[in-house]
Amino acid sequence: MKAPVITLANDFHHGTSAVRLSFEKDFTLIAKVKTLKGAAWSQSRGFWYIAQSDFKLNSIFEALKDMAWVDDLEI
């Protein structure tokens, strides 16, 4: 089975710099993303994001390394 892909991209949410986490709906992955420091769901925009001030790329890679491929080419 192919690992899910999470694409990271620079974005803004409510006027604040953020990193958008885009991925196909996967409840196991959602549960893991919820544990990331600062991770939040944008109901209005339909994606998970982390404020740039809380974002640590190494933490994302470490937390998700066994679950998903993290594509960071857009940040």
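Ground rules. I am working from a predicted model, where local features need pLDDT of at least 70, side-chain atom pairs count only at pLDDT 80 or more, and totals for chains, interfaces and linings use all residues. Residues are numbered from 1 along each chain as its sequence is written, and side-chain values use heavy atoms, with hydrogens and water left out.

Rings. I paired rings of Phe, Tyr and Trp (its six-membered ring) with centres within 6.5 Å, calling planes under 30 degrees apart stacked, over 60 edge-to-face and the rest tilted. I got two aromatic pairs by this rule. Phe 47 and Tyr 49 are edge-to-face, because their planes stand at 85°, with ring centres 6.3 Å apart. I find both residues, Phe 47 and Tyr 49, buried (under 20% relative accessible area; exposed is over 50%, partly exposed in between; 1.4 Å probe, protein chains only). Arg 20 sits over the face of Phe 47, 5.8 Å from the ring centre (the rule asks for NZ of Lys or CZ of Arg within 6 Å of the centre and within 35 degrees of the ring normal).

Core. I took a nonpolar core as buried Ala, Val, Leu, Ile, Met, Phe, Trp, Tyr and Cys residues joined through side-chain atoms within 4.5 Å. The largest one has 16 residues, of which Ile 6, Leu 8, Leu 21, Phe 23, Val 33 and Ile 60 touch the most other members.

I noted His 14 for its positive phi, near 50°. His 14 counts as exposed because its relative accessibility is 70%.
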